[in-house]
Amino acid sequence: MAKCDQGYLCEVCGEEVEDLSESDLYLRFIIGEVPVRDLLTSPERHLKCHPFLAQFILDDRFEPVKLDSPFSKENLDPAERNRMETLVTRGFQRLQELRTLPPMPFAHYPLPEFQTA
């Protein structure tokens with residue numbers, strides 16, 4: 001495959017992030033961590049290759065991630081852990097939903113509280 005035919009490559013494993021539903025970059029965009037202007041210049045990763053963020057996804061469609069490190073969600077204040085689980089899980093669910101919707105402007109991808117248009 002020609003380099004221009006490839007999608008984003010994961011900065012961790014080097015493999016192509018083939019689908020929006022497994023994109024750490026777009027999940028972070030959906031939850032308001034990455035502005036739209038940075039989508040083309042920010043590094044991409046598979047969700048599984050970003051375990052800190054992935055540990056907050058609580059959805060049967062995603063294999064749970066448990067960190068055994070100081071960055072484990074178990075070391076967070078319970079209120080912050082709950083906030084992150086709620087936000088990141090909602091973002092993951094939106095990411096899955098986007099796969100089934102007709103094409104739309106990027107400004108409509110984020111959760112409602114993070115939409116700018």
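Is Gln55 buried or exposed? At 2% relative accessibility, Gln55 counts as buried, where buried means under 20% relative accessible area, exposed means over 50%, and partly exposed lies in between (1.4 Å probe, protein chains only).

## About the model

This is a predicted model, in which local features need pLDDT of at least 70 and side-chain atom pairs count only at pLDDT 80 or more, while totals for chains, interfaces and linings use all residues. Residues are numbered from 1 along each chain as its sequence is written, and side-chain values use heavy atoms, with hydrogens and water left out.

The average pLDDT of the protein is 90, and 94% of the residues score at least 70; pLDDT is the predictor's confidence in each residue, from 0 to 100. Over residues 1-5, pLDDT stays under 50, and the model has three contacts beyond four places in sequence for them. Please take care there: where pLDDT is low, the predicted coordinates should not be read in detail.

## Around Gln55

Let's go back to the opening residue. Gln55 sits in the loop between H2 and H3; helices (H or I, at least four residues) and strands (E, at least two) are DSSP runs, numbered from the N terminus. Not counting residues up to four places away in sequence, Gln55 touches Val65, Leu67, Phe71, Ser72 and Lys73, a contact being heavy atoms within 4.5 Å. The Gln55 side chain also reaches the backbone nitrogen of Lys73, at 2.8 Å.

## The nonpolar core

The largest nonpolar core has 22 residues, and those touching the most other members are Tyr26, Leu27, Ile30, Ile31, Leu47, Ile57 and Val88. Such a core is a set of buried Ala, Val, Leu, Ile, Met, Phe, Trp, Tyr and Cys residues joined through side-chain atoms within 4.5 Å. At least two residues of this core come from each of helix H1 (24-30), helix H2 (51-54) and helix H3 (78-98). H3 gives the largest share, six residues.

For a look at one member, take Ile57: leaving aside neighbours within four places in sequence, Ile57 is in contact with Leu27, Leu47, Phe62, Val88, Thr89 and Phe92.

Asn82 is partly exposed, with a relative accessible area of 47%, whereas Gln96 counts as buried at 10% relative accessibility.

Beyond its neighbours within four places in sequence, Gln96 is in contact with Ser21 and Arg61. As for Asn82, 22 residues in sequence separate it from Asp60, and the C-alpha to C-alpha distance between Asn82 and Asp60 is 17 Å.

Terms used:
A polar contact is a pair of N or O atoms within 3.5 Å; within protein, one must be able to donate a hydrogen and the other to accept it, and residues adjacent in sequence count only if both atoms are side-chain atoms.
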